[in-house]
Amino acid sequence: SAFHPTDREQMPHFTFRSNTSVFNMKHSAGATFGGTALKLDAATRIEATGNLLAMNDYYGVDNASRSKEVILNNNLFVTNLRGDYLEFDTIIGVADLEDEAELLDEAEGNDVAEIRPRVSKEWAKKYMARNIVDRAAAEADVKVVESGVNQLRRILGLPVQGTSVGEYTGVWLPRISLADALVTGSAPVAEKFGSRTPAPSATAQ
């Protein structure tokens, strides 16, 4: 993200193919970051195909940075809590990608479905027991404090201080076991989406 090319040909090109990106969680209870399967950077060209982007706290694909000429083909989006695709500040569902997304060069064969990840019941119970805090709702009642300090902050052009939002509920990120992670990522969904265990090579000794 520190590299700012002067023309399109200098932009790095990334291919994100046949990956499983699931259970991505916010980094803290009040965070507005983390929790996205695939987050795009502005000065890049991205092609994402054949991926499983599922059960994330925010988005399947976050393009708030407005990366252009993005290709999203044949990806499966499942129960991302905020939405499937974010383009700047607009949330767009899979069914509307081709019609509404302005920064996508291609958006074909994407789908939504219900799936059952092959994780243990023990871990699934811990994951579903999390308390996900909506930061916007928590800060809705914040008021600007009228004080000498805030008067000075206004004069200096600094952000003013508000009333407390109270304590955020503590966030706990359940660590997934290696066994669960390997099972979840070892086989594609419907033989088409996500990562898979490579087939043995015919020349392997």
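Predicted model: local features only at pLDDT ≥ 70, side-chain atom pairs only at ≥ 80, totals over all residues.
Residues are classed by relative accessible area, computed with a 1.4 Å probe and protein chains only, as buried under 20%, exposed over 50% and partly exposed in between. Residues are numbered from 1 along each chain as its sequence is written, and side-chain values use heavy atoms, with hydrogens and water left out.

Strands (E, at least two residues) and helices (H or I, at least four residues) are DSSP runs numbered from the N terminus, and two strands are taken to pair if DSSP finds at least two bridges between them. On this basis, 4 strands form an open sheet with parallel pairing, in the order β2-β5-β8-β12. Its edge strands are β2 and β12 (111-112), each of which pairs on one side only. The parallel pairing of β2 with strand β5 (residues 52-54) extends over 3 bridges, and the bridge partner of V22 in β5 is A54.

Aromatic contacts were assigned to rings of Phe, Tyr and Trp (its six-membered ring) with centres within 6.5 Å, the planes being called stacked under 30 degrees apart, edge-to-face over 60 and tilted for the rest. The count by this rule comes to 4 aromatic pairs. In one of them, the ring centres of F23 and W123 lie 4.8 Å apart with the planes at 70 degrees, so the arrangement is edge-to-face. This pair links distant parts of the chain, since F23 is in the loop between β2 (20-22) and β3 (38-39) and W123 is in helix α2 (residues 121-128), 100 residues apart. F23 is buried at a relative accessible area of 11%, and W123 is likewise buried at 6%. The rings of F23 and Y127 are also edge-to-face, because their centres are 4.9 Å apart and their planes stand at 70 degrees; Y127, in helix α2, is 104 residues from F23. Y127 counts as buried at 8% relative accessibility, and F23, W123 and Y127 form one aromatic cluster.

A charge is considered to sit over a ring if NZ of Lys or CZ of Arg is within 6 Å of the ring centre and within 35 degrees of the ring normal. R66 lies over the face of F88, at 3.8 Å from the ring centre.

Elsewhere, L158, in the loop between α4 (148-155) and α5 (178-186), counts as partly exposed at 41% relative accessibility.
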